[in-house]
Amino acid sequence: MLRSTLPAAPRLLAHGSALLQAAAAVPARAQAVVTRPFLISSNTITRNVSSSSATFASVGTEAGGANDGEKASSSVYEFELEPATYESHLDCPTPPLTTTTTRSEALALYRTMVTIRRIETAADALYKARMIRGFCHLSTGQEAIAVGMDVATTREDAIITAYRCHGIAYVRGCTPTSIIAELMGRADGASLGKGGSMHMYNVPQHFYGGNGIVGAQIPIGAGLALAQQYKGRPSMTFSMYGDGAANQGQAFEAYNMAALWKLPIAFVCENNMYGMGTRQDRAAKNTHFYKRCEYIPGIRVNGMDVLAVRDSSKLAREWCVSGRGPLLMEFVTYRYGGHSMSDPGTTYRSREEINYMRSHNDCITGLKTRLIDHSIATEEEIKEIDKEARKLVDEAVEEAKKSPEPPIEKLFQDVYIKGTEVPSLRGVDPQDIHVYHTA
Ligand SMILES: Cc1ncc(C[n+]2csc(CCOP(=O)(O)OP(=O)(O)O)c2C)c(N)n1
Ligand SMILES: [Mg+2]
């Protein structure tokens, strides 16, 4: 058995939340209570368990982000995940702690996570250069969730999420250019430059946004699942929301209807420990988000381990598609940046905490360590992927800059369903009347 250099994982406090007392590992100036979710496995073992039966789950996107399928290695590697990787509520099954991946899949997962991080880094720089205006919420730190869920689903499965959506948009087929152009309000954007950071969609691949009203997407997700059940399709919906949104009343209304009608839906709480400037335990009496419904089974997952996200999402899919009704999932993760670009993110948590999370619990570094420590890939190969991701995103930024702003008349299109448009709209100034030009 090989041992990685990652530190041992802390255990969760017996009564619940992923909050752990600040201990030796965190500098003394850090807050009294430090949020530390799971750590990536410290006892990863690799063993070539097959030389011919590798199955490759493509995480490729239209952008060519991660399809390494052609040169798939036939080696299958086996990993032992940390004992605390999963926790279950109401006898929800959990995936086995021994899991496998191929070299090919692992590299694809790595590539997609790195590409998302580069997109977010580019967005950060463009925002600071004032080329992106308005709201912009980055998911830096949370990449494993978008990527692990994506490989576990089919493009018939629906995903709907909140405003921190760039990573999901990417795995669901929005190209880096269309994401960055959308952020810049350009015509080549995923929503033709009219939606911005919070409103990216790719309906042909069943990605329904990108939603700005906290929690509003949760019942819309239930509606998507109702449609899937009604049509009798072997598909399901992943309805994603944050730890802050989990306190919304409409979440509980959606749980109720989904359980009553046995809808094929996973309610997925991305617990990044904070709402808008508030730590989870200051806003929620019960921070066991996977236990927040007394009649829906739940599972809490280390959201920093992409293989755990993948396996638990597969399990959720099998559960929901086979007609057993809804599941509650909680992916424990962390966001490195502020809530949005206007929030430095350091007034309600310490820099030490952020640095600690970055250096001990990062999802990209975790996978990279596994790959290198166990000779699945070399450092040079990893560097090459990093370089390619950087190039892909740099080119996308240049493309997006060349894209024009949408013409003014387009602003009034795609607002109403065709044929139901009102003849005119009042502008900011009451004297400003905009007449509709239909598409
Ligand atoms: C109904 C509603 N209330 C308040 C807001 C302002 N708001 C935007 S994000 C946010 C916090 C949400 O936190 P969380 O659900 O944990 O998501 P995260 O930002 O951490 O991804 C709040 C209060 C809003 N957009 N909509
Ligand atoms: Mg949050």
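## Helix α11

Start with a quick check on helix α11, residues 379-402: at 1.5 Å a residue its 24 residues should span 34 Å, and the end C-alpha atoms sit 35 Å apart, so the two agree. Bear in mind that this is a predicted model.

Which residues of α11 are buried? They are Ile-382, Ile-385, Ala-389, Leu-392, Val-393, Ala-396, Val-397 and Ala-400. An α-helix has 3.6 residues a turn, so residues three or four places apart point the same way. As for what lies over the buried residues of α11, the cover includes α1 (103-128), α4 (176-183) and α10 (363-373).

## The nonpolar cores

The largest nonpolar core takes in 104 residues, and Met-113, Ile-180, Ala-266, Leu-327 and Met-329 have the most contacts inside it. Helix α1 is the top contributor to this core, giving 12 residues. Apart from that core there's another one, of five residues, including Met-273, Tyr-274, Tyr-334 and Tyr-356.

Back to Ala-266: if you skip neighbours within four places in sequence, Ala-266 touches Met-236, Phe-238, Ala-316, Cys-320, Pro-326, Leu-327 and Met-329.

## Around ligand 1

Ligand 1 has 15 residues around it, and those that come nearest are Val-214, Gly-242, Gly-244, Ala-245 and Gly-275. By type, the shell around ligand 1 splits into seven nonpolar, six polar and two charged residues.

## The chain overall

The chain runs to 439 residues, of which 50% count as buried, and it has 11 helices and 12 strands. Take the contacts between residues at least 6 apart in sequence: 75% of them join residues at least 24 apart.

Technical notes
Residues are numbered from 1 along each chain as its sequence is written. Chains are lettered from A and ligands numbered from 1 in the order in which they are written. This is a predicted model: local features need pLDDT of at least 70, side-chain atom pairs count only at pLDDT 80 or more; totals for chains, interfaces and linings use all residues. Helices (H or I, at least four residues) and strands (E, at least two) are DSSP runs, numbered from the N terminus. The expected span of a helix is 1.5 Å times one less than its number of residues. A residue is buried if 20 or more other C-beta atoms lie within 10 Å of its own, exposed if 12 or fewer, and partly exposed in between; C-beta atoms are placed from the backbone. Two residues are in contact if their C-beta atoms, placed from the backbone, lie within 7 Å. A residue is near a molecule or strand if its C-beta atom, placed from the backbone, lies within 6 Å of it. Ala, Val, Leu, Ile, Met, Phe, Trp, Tyr, Cys and Pro count as nonpolar, Asp, Glu, Lys and Arg as charged, and the others, Gly among them, as polar. A nonpolar core is a set of buried Ala, Val, Leu, Ile, Met, Phe, Trp, Tyr and Cys residues joined through C-beta atoms within 7 Å.
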